Amino acid sequence: MEAGDLSERLKSHDPAVGLRAVGALHRLAEQVEAAAVVRAREQGWSWEQIGDALGVSRQSVHAKYGK
């Protein structure tokens, strides 16, 4: 789903269309977040720095992405 299409679907008055668009937006946000975390770790960021940037604890971001 393209960004423009997603934007239009989010404005829909049909709850089914809007809710599916919200689901797609959540999945997209998860993908973008994961890629950003990988880049940050590759550049030497600590889990604390990443958590601060995301507005969550270092423990929660480490639990989600740490290996």
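The answer below treats the tryptophan, its core and the helices in turn.

Analyst: This is a predicted model, in which local features need pLDDT of at least 70 and side-chain atom pairs count only at pLDDT 80 or more, while totals for chains, interfaces and linings use all residues. Residues are numbered from 1 along each chain as its sequence is written, and side-chain values use heavy atoms, with hydrogens and water left out.

Trp47 is located in helix H3; helices here are DSSP runs of H or I with at least four residues, numbered from the N terminus. With a relative accessible area of 18%, Trp47 is buried (buried means under 20% relative accessible area, exposed over 50%, partly exposed in between, with a 1.4 Å probe and protein chains only). Neighbours within four places in sequence aside, Trp47 is in contact with Val37, Arg41, Arg58, Val61, His62, Tyr65 and Gly66, where contact means heavy atoms within 4.5 Å. Along the chain Trp47 and His62 are 15 residues apart, yet their C-alpha atoms are separated by 6.2 Å.

Trp47 also belongs to the largest nonpolar core, whose 6 residues are Val37, Ala40, Trp47, Ile50, Val61 and Tyr65. Helices H2, H3 (47-54) and H4 (58-65) each give two or more residues to this core. Such a core is a set of buried Ala, Val, Leu, Ile, Met, Phe, Trp, Tyr and Cys residues joined through side-chain atoms within 4.5 Å. Ile50, another member, touches Val37, Ala40, Arg41, Trp45 and Val61, not counting residues up to four places away in sequence.

Between H3 and H4, the residues that meet are Trp47, Glu48, Ile50, Gly51 and Leu54 from H3 and Arg58, Val61, His62 and Tyr65 from H4. The two axes come within 8 Å and cross at roughly 105 degrees; axes are lines fitted to C-alpha atoms, for helices over the stretch in contact, and angles run from 0 to 180 degrees between N-to-C directions. H3 and H4 are therefore roughly perpendicular to each other, a class that covers 65 to 115 degrees.

H2 supplies the remaining side of this picture. Its buried residues include Val37 and Ala40, both of which are core members. The 28 residues of H2 (residues 15-42) should span 40 Å at 1.5 Å a residue, and the end C-alpha atoms are 40 Å apart, which agrees; the expected span is 1.5 Å times one less than the number of residues. Just after H2, Gly44 takes a positive phi of about 90 degrees.

Methods: Angles under 35 degrees count as roughly parallel, over 145 as roughly antiparallel, 65 to 115 as roughly perpendicular and the rest as oblique.
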